[in-house]
Amino acid sequence: MLKASQDDQDALQFASVLSKANLHGSISIGKFSLPCKRGVSDSIQYNQAGLDMLNNQHEYTFDIQDGELQVSLQLYENIAGHHRLFCYTRIGNKQGMAFSVNLTTEKEGDNVIYLTQKIKFVEQYKGSTNLAQAHRRQKQVVFCDLLKKLGLDVTESGDLLLGVFDPLKGRLINTSADSFLNDFIVVSILKGHFQGNKGCQLEILPTYNKLDYIFTGKDEELDLPAKLVDNKVKRVIPLGMRYKVLKRDSFKCVACGRTANDGIKLHIDHKVPFSLGGLTELSNLQTLCNECNISKSNKFLD
Ligand SMILES: [Zn+2]
């Protein structure tokens, strides 16, 4: 008989924390609130029925203008032994996987689990690989920008970090389980909305206008968005380093002193912004909550 690996146990531990999370009848998308009720009326196809560690615990139905948006969260171990949390959606007979996050264990970072995923879009463009690439990158930049405005933690390389889970303590250390659940569903619905290919269009959300993304010129005439910074460039804070900063700052916002228990999310911030020459090293990094982080970036923009 196979012995459950440490990763399996950690994932089960995460599943048990997530199963206690509560949406309290609605999700918050920035200033909007979208009511939902528990459960789905149509079953949503499971990858491997029976292996889902969440056992249908998190299934919700939202009323949207085109009918009902049904959402099902499922947690699986894939063939490579990695665990991943999926969000499946269904509207009418359209069904698909809207978004997922990996449960990434970074050995450098005291064996905590980072709930993270690169934001990517699939985009075909007739006749030009370069145009398809530019189109994908532009969508990625615009979407990441939207997520940042909603107070989510997105790196310069387009990686979204939704939470840091400590399996030893059995809790999320930079956000609450309720906020994590809210954010994961929000990103999933927004991504479906933004992709526009799953019938997941919501009137209350910022509109993704396809016309903005149609390139008519030749490659050299393209006005490309600022290139996303490569991971090798030191602007991106490595996952393990994030934990060290959180721990050093006692899992509190250094500006207002609040913790994840106070309903905020903790982000890692460059004290002196990278764009102004600040380095990605412990002495130039600090823990800020999403609210203080946004007001700080506004100050730098002024
Ligand atoms: Zn704060």
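His 24 sits out in the open: it is exposed, with 9 other C-beta atoms within 10 Å. Its phi is near 55 degrees, a positive value in a residue other than glycine. Bear in mind that this is a predicted model.

- You'll find His 24 in the loop between helix H1 (6-19) and strand S1 (26-29).
- Ser 250 belongs to the loop that runs between helix H4 (239-248) and strand S11 (266-270).
- With 10 other C-beta atoms within 10 Å, Ser 250 counts as exposed, because the cut-off for exposed is 12 or fewer.

**Helix H4**
- Four residues of H4 are buried, namely Leu 239, Arg 242, Tyr 243 and Leu 246.
- Look down the axis of H4 and those buried residues fall within an arc of 95 degrees, so they line one face of the helix.
- The general rule behind this: an α-helix has 3.6 residues a turn, so residues three or four places apart point the same way.
- What do the buried residues of H4 pack against? The partners are strands S6 (94-105), S7 (113-118), S9 (159-166), S11 and S12 (285-289).

**The chain as a whole**
- The protein chain has five helices and twelve strands.
- Of its 302 residues, 31% are buried.
- Among contacts with a separation of 6 or more, 58% are between residues 24 or more positions apart.

Conventions:
Residues are numbered from 1 along each chain as its sequence is written. This is a predicted model: local features need pLDDT of at least 70, side-chain atom pairs count only at pLDDT 80 or more; totals for chains, interfaces and linings use all residues. Helices (H or I, at least four residues) and strands (E, at least two) are DSSP runs, numbered from the N terminus. A residue is buried if 20 or more other C-beta atoms lie within 10 Å of its own, exposed if 12 or fewer, and partly exposed in between; C-beta atoms are placed from the backbone. Two residues are in contact if their C-beta atoms, placed from the backbone, lie within 7 Å. The arc is that of the directions from the helix axis to the C-beta atoms.
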